[in-house]
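Subject: Structure handover

Hello,

Here is the structure you are taking over. Please look through it first; notes on what was found follow below.

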Amino acid sequence: MKQDRVIGVVLALAGVGLAVEATTFDVSFMTDPVGPKALPFLVATMLVAGGLVAIARPRPDVPLPPADIAIRMGAAVAAFFIYAAALPWLGFFVSTTLVVTALSLLYRGPLLPSAAAAAVLAGGLWLLFVRLLSLPLPMGELWIR
């Protein structure tokens, strides 16, 4: 019950932090009527709402995960932080392939099929964003030099 409230506070604070960060996005209004702030604000609203629900109505019957699963969950969160840091340097394709491979390995997927599936996923996402949606993705400073 106490862990629900702690997680609720963490979620609510993360949502507030995301909303504050989204206010710094500055793109011309003519680019997109909604602008780049809409999605972060939507996610921030959901995080704050979920956090407040967890604080107000904690569930006493939800056990904490076993230690091995908690460690894998923590490693997955760390992988996403590393992904965010590596994205400008390595670029979208390489960073996405590495993080998806890492997540697959965390959940005991075989190495070569995981890496192949991650590369296909990264390539598909790249095609979706760059070719179909005309949204630029980072190429990576490592490759541009």
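The largest nonpolar core has eight residues in all: Ala76, Ala79, Tyr83, Phe92, Val99, Val100, Leu103 and Ala118. A nonpolar core here is a set of buried Ala, Val, Leu, Ile, Met, Phe, Trp, Tyr and Cys residues joined through side-chain atoms within 4.5 Å. Two or more residues of this core come from each of α3 (67–90) and α4 (92–106), and α4 gives the largest share, four residues. Helices are DSSP runs (H or I, at least four residues), numbered from the N terminus. Leaving aside neighbours within four places in sequence, alanine 76 is in contact (heavy atoms within 4.5 Å) with Leu103 and Leu106.

Before the rest, some notes on the basis. This is a predicted model, in which local features need pLDDT of at least 70 and side-chain atom pairs count only at pLDDT 80 or more, while totals for chains, interfaces and linings use all residues. Residues are numbered from 1 along each chain as its sequence is written, and side-chain values use heavy atoms, with hydrogens and water left out.

The chain has a mean pLDDT (the predictor's confidence in each residue, from 0 to 100) of 88, and 90% of its residues reach 70 or more. Where pLDDT is low, predicted coordinates should not be read in detail.

On the surface, Leu39, Leu42, Val43 and Met46 form a nonpolar patch with about 390 Å² of accessible area together. Such a patch joins nonpolar side chains (Val, Leu, Ile, Met, Phe, Trp, Tyr) within 5 Å, from residues with over 30% relative accessible area and no salt bridge; a salt bridge is a side-chain nitrogen of Lys or Arg within 4 Å of a carboxyl oxygen of Asp or Glu. Areas come from the Shrake-Rupley method with a 1.4 Å probe, and for residues only the protein chains shown count as cover. Leucine 39 lies in helix α2 (residues 38–56) and is exposed at 59% relative accessible area. Buried means under 20%, exposed over 50%, and partly exposed in between.

Alanine 14, in helix α1 (residues 2–22), is partly exposed at 38%. Its C-alpha atom is 7.1 Å from that of leucine 47, 33 residues apart along the chain.

Two loop residues remain. Arginine 108, between α4 and α5 (111–132), is not a glycine but has a positive phi of about 65°. Serine 134, between α5 and α6, has a positive phi near 55° and is likewise not a glycine.

Regards

Technical notes: Patch = residues over 30% accessible without salt bridge, like charges linked within 9 Å, V, L, I, M, F, W, Y side chains within 5 Å. Buried < 20%, exposed > 50% of the residue type's maximum accessible area, 1.4 Å probe, protein only.
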